[in-house]
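Student: Please take me through this structure slowly, and for each term tell me what makes it apply.

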Amino acid sequence: MEEKEFQISPFLAFYLVHSVQLGVGVFGFQRTIMKSAGNDAWIAVIGGGIAVSIIIWVMYLLLNKHQKDLIQIHRDLFGKWIGGFLSLIWIIYWLMIGIVVLRSYIEIVQVWLFPMINIIMFSIILLVLVYYCVTGGFQIVTGISFLGVVIPFYIFFTFLYPIEYTHFRNLLPIWNHSLKDVTISTKDMMLGYLGFSTLLIYYPYIKHPKKSQKWAHLGNLLTGVIYLFILIISIGFFSENQINRHTWPTLSLWKIVELPFVERFEYIGITSWVLIILPNICISVWASAKGVHTIFNIKPQKVVVVSVVILLILLGSTIAIEGRENIEKLNKYMSLLGLWLVFVYIPLLTLLSFLLSKIRRRNIEKA
Amino acid sequence: MKKWRNRRSLFKDKESEIGSPKNTEKDDSLGDLLKQLTLSNDFTQFTYHVNETSLCIGYYTPLIDTEILHRDILPYLKKWESFSSLSSVLPIEEVILTADAATIQENLLKGYIFIFDVNNLKQVCLVKAGVERTRQVSLPEVEFSVVGPKESFVEALDTNINLVRKRLPMPELTIKEMIIGKLSKTRVSVLYIEGIANKENVNTVIQRLSDLDFDQIMDSSYITQLIQDNQNSPFPQLIDTERPDRIASELGEGKVAILVDGAPHGLIGPTTIFEFFYAFEDYYLNWAVASFFRLVRFFAVLFSILVTPLYVAVLTYHYELIPKDLVSTLVTSRSAIPLPPILEAIILELAIELLREAGARLPTKVGQTIGIVGGIVIGTASVEAGLTSNVLLIIVALAALASFTTPVYQMGNTIRLIRFPFLLMAHYLGLIGVAVSFCFLLIHLLRLSSLGRPFLEPFYPVRVQDLKDSLIRLPFSMQSKRPIQEQTEDTMRFNPKKAKEKHDSKRI
C-alpha cells in the first residue's frame, strides 16, 4: 500500500477506468465492428462490456488477495527474473496503448485539420504536456482523468442533433447474423475497451481499494453506454454500405450539428478530444513508468529520467509509424496483445495465484 | 513541502552565522554606542541637571513624541531620588533598566528615550515615548463594495489588528507575532482562531515565516511571494485583501491570516482558485443575485482568456467553421487589413496593456483622461488606418474589461498574462493549440497547492459539500458547515435547524 498522502478516493476509480477506455476509438469503431455483425453490432458492444466487467471482477479477486500491484505479484509468484520478464511484457503493452492513442489522434488531426502539420513538433508539444502531468504524481494523473471526463462531457450531447435524421428501423431485423459473426465483432470491439488493465498497477494507490470495485464497474458501464449510444445513432443515421465508406463515422455524424455561430462541428469535436486522449496517454505512461520503477528498483526521485526515456520511446515510435496501413497494423497488434493478456493471462494468473497459495498453505500445515 | 522547508532552514543557518558576530563586536560598550549614535544628525543628546546630578538624555528625534518628553518625562525627573525609583516616578508603563548596549540600541530605534547618570554609566534607563504616524482608516479602494462596511486596512499593524479583533471579540482569536527582515525588522502577525483553525495549517504558516531569511519586507506581497507553495507560478496562492471584514469572516471559516506592519493588505490561506473570484460583497447580497454575479465573473475570466486566441485560431486556420452570414461580417471588417490575425491581435492586446499600465502609473485624474483618449482615439484611428478590424477591437476591449472583473487585483494581472501564451499557441496550432494551452493550464492548476491544500478544490478533489460556496453561493441557512478544504477542528458554524426557525406568528 502506498502512503496515505498519495492515495485517492475509491470513487475516482470510476474516472480512471472510464477515461482510459474512451479515446480515439470512438471516432471509428463503428466500421470495424459492423464489418462482421452489421446492424447487430450493438450486441457486440454489450457483449464486450459484460466480458470486460467479468475481467474487472477477476482482477479485483487477484488484487484484493495480494493487496499489491501486478509487478509485485509477479515477483512473489515467479521470482525476480521470470516475474520481471512477464512484467516487462505488460509494460510494453501499456506503452503500446499510449503510442496507439497518440498516433491515431495525430492521424485524425492530420486528415481533418492540418494536412501539413509537423508531426514531430506536434507530438513533442503533446508529450511535454504528458510529462508535466506524469511528473506531478498519480494524484495529478487522476485529476486530469477526472477533468478529462467531466469537462468535455458536453460533446456527447451534440450527438442528439443527428437523431432528427435517423431511421431506427435500420436496427431491424435483430439477430440476423450468426453467433460467430457477433463473436468476431465482439472481439473487434475489445480495442475500444482496452486500457482498463492499468488498474493492476494503480490499485495500491486507492484508499479502501475494495470499495472501488463498484466504481470500476460503473466506469466500464459508462464506456459501454457511450459506445452503445453512438453506435445506435450511427446505425440509424447511416446505411451499412455508407458506414463502410467512412473511416471515422463519428466525425461524419458531427457534420449535421448546426449552431447559429458554428459550422463544421467536427473541428470542435476533434479539438475537445485533446482533453479526452490526454488522460489516456498520461495513465498509460504513468503505469509504464511506475512499472519500470518497481521492476528495476529505481528511486522515486529519478521519475524525471524514467518519464523522459518513456516519452522519447513514445515520440520515436510516433514519428516512425507512417501511413494509414501501418497505423491499422499497430492497432491490430495492440488489440491482439491486449486480448491475450487481459482475457487469457489475467484469469490464468488469478487461478495460479489461488492454487499456489493453497499448495503453500497445505505445505505449511504438513510441516 | 518537506524539501522546501529543509532548503529554507539550511539557508537561514548559514546566513545567521555570518551576520551575528559583526553586530556584537560593533556595540560592546556604551561609549562606543554613544559615538556611533552621535554620527547621525537626527540623534539628539543633551544633559539635564537635577539636584546636583547631571542626567544625560538621548533619543532619535523623528521617532519620539516630543510632547511625551516635555509633559510626562522632564517634569517628573525633578522628583528623582535614585535611579531604581525612576520607574515608579514616571507616569509611563514601559520603563526598562539595563546596561546592555544591544538592548539600548534596539529600543532607541523603537522610539525609546535613554536617561543615565553621567557619573554612573552602569545603569541606563529606557523610557518609551514612541510616536506612530499613520493615516486614518479609510475607504477600501481596490475591493470597493456598494453594500457593507467601508473600512480598509492601513499601514499600522496595531490599527489593523484592532479592525479585526473588534469584529471577533473572543479570547480564542490568537495572534502570534514575529520579526522578519534583517534590515527592515518588520513585525508580522499570524492570526487564527484557536479551536477552529487546523493546527497543521497554523504550524505551516508559522514555520514558513520563521524560516524566512530576507533583508527587507516592504509589504505583505513580499510575504506572499516568499512563502507560497510554488513560487514560480503566475497564480497567487494566498489571497490578498484590504477588507478587515473579509479577514474576520475567513478566520471564522478556519483559515489563517497574516498581517504585516506597513502593509495595508492582509493575506489569507489556505485558499482555492475559486476564492479569487469572490467579491466580499457576494455575502452582502441575496444568494441568487450573488450566485449570478459570481457566474458572470467566472465566465468573464474564461471569455477573457479564450476569446482573442479563438479569433486568431479561427481566422488563421479555420474559416470554414464560421457560418456564411457571420463570415461576411468578418470579411468586410478584415478586408482592408494587411496584417495576419496574430499580429493584429498582439498589436491591439499590447495597446490595451499600454493603456492600462499608463493609467495605473499616472495620477488618478490624468489617468482617467489617458484612458478615454487612448481608448477612443487610438482605437478608432487604428481601425480607420486599417491596422486592425472593428470586430477584433470589440473583442479585445471586452476581454480587457472582463479581466478587470476579478475582485482580487493580483489574479487579474495573472489572467492578462496567460492570454499571451494562448495567443501564440493559437497561431501555431489553431484550435488544437488553444486546447493544448488549456490543458497546460488545467495541469498547472492541478499541481498547485495553497499551504499544502489542493488549489482546485472543490472541483478536484471533488467535495460536494464545498460546492455550496464556490461558483455559486447558496443561502446562509445551508452554510452551516465550515469548508472541508480547511480541515477545521470544529466543523459546525451554527445549528442548521435553529437557523431556519422563525419565532414570529404566521400571518395569512
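This is a predicted model: local features need pLDDT of at least 70, side-chain atom pairs count only at pLDDT 80 or more; totals for chains, interfaces and linings use all residues.

Student: Which residues of chain B does UniProt list as "transmembrane region"?

Tutor: The unreviewed UniProt entry lists residues 295-317, 391-410 and 422-446 of chain B under that name. In the model, residues 422-446 of chain B are 100% helix and 0% strand, with end C-alpha atoms 18 Å apart, whereas residues 391-410 of chain B are 75% helix and 0% strand, with end C-alpha atoms 29 Å apart. Helices here are DSSP runs of H or I with at least four residues and strands are runs of E with at least two, both numbered from the N terminus.

Student: What makes chain A as compact as a globular protein of its length?

Tutor: The radius of gyration is taken over C-alpha atoms, and the globule rule is 2.2 Å times the number of residues to the power 0.38. For the 367 residues of chain A the rule gives 21 Å and the radius of gyration is 21 Å, so chain A is as compact as a globular protein of that length. Chain A has 14 helices and zero strands, and its C-alpha atoms fill a box of roughly 75 × 45 × 35 Å along the principal axes.

Student: Why are α3(A) and α9(A) called roughly antiparallel?

Tutor: Axes are lines fitted to C-alpha atoms, for helices over the stretch in contact, and angles between N-to-C directions run from 0 to 180 degrees. Angles under 35 degrees count as roughly parallel, over 145 as roughly antiparallel, 65 to 115 as roughly perpendicular and the rest as oblique. The axes of α3 (residues 41-66) and α9 (residues 212-237) of chain A come within 10 Å and cross at roughly 170 degrees, and the two helices are therefore roughly antiparallel. Their contact includes W42(A) and I56(A) of α3(A) and H217(A) and L228(A) of α9(A).

Student: How do you know which residues of chain B are in contact with chain A?

Tutor: Two residues are in contact if their C-beta atoms, placed from the backbone, lie within 7 Å. By that test, 19 residues of chain B are in contact with 24 residues of chain A, and helix α15 (residues 409-447) of chain B supplies the largest share of chain B's side, eleven residues. That side divides into 15 nonpolar, two polar and two charged residues, where Ala, Val, Leu, Ile, Met, Phe, Trp, Tyr, Cys and Pro count as nonpolar, Asp, Glu, Lys and Arg as charged, and the others, Gly among them, as polar.

Student: What leaves one side of β1 and β3 of chain B without a neighbour in the sheet?

Tutor: Two strands pair if DSSP finds at least two bridges between them. Five strands of chain B form an open, antiparallel sheet in the order β1-β2-β4-β5-β3; β1 (43-50) and β3 (95-98) stand at the edges with a single partner strand each, so one side of each has no neighbour in the sheet. Within this sheet β4 (residues 112-117) and β5 (residues 120-128) of chain B pair over six bridges, and L126(B) is the bridge partner of F114(B).

Methods: Residues are numbered from 1 along each chain as its sequence is written. Chains are lettered from A and ligands numbered from 1 in the order in which they are written. UniProt positions are given in the numbering used here, feature names are shortened, and annotations may be inferred rather than shown by experiment.
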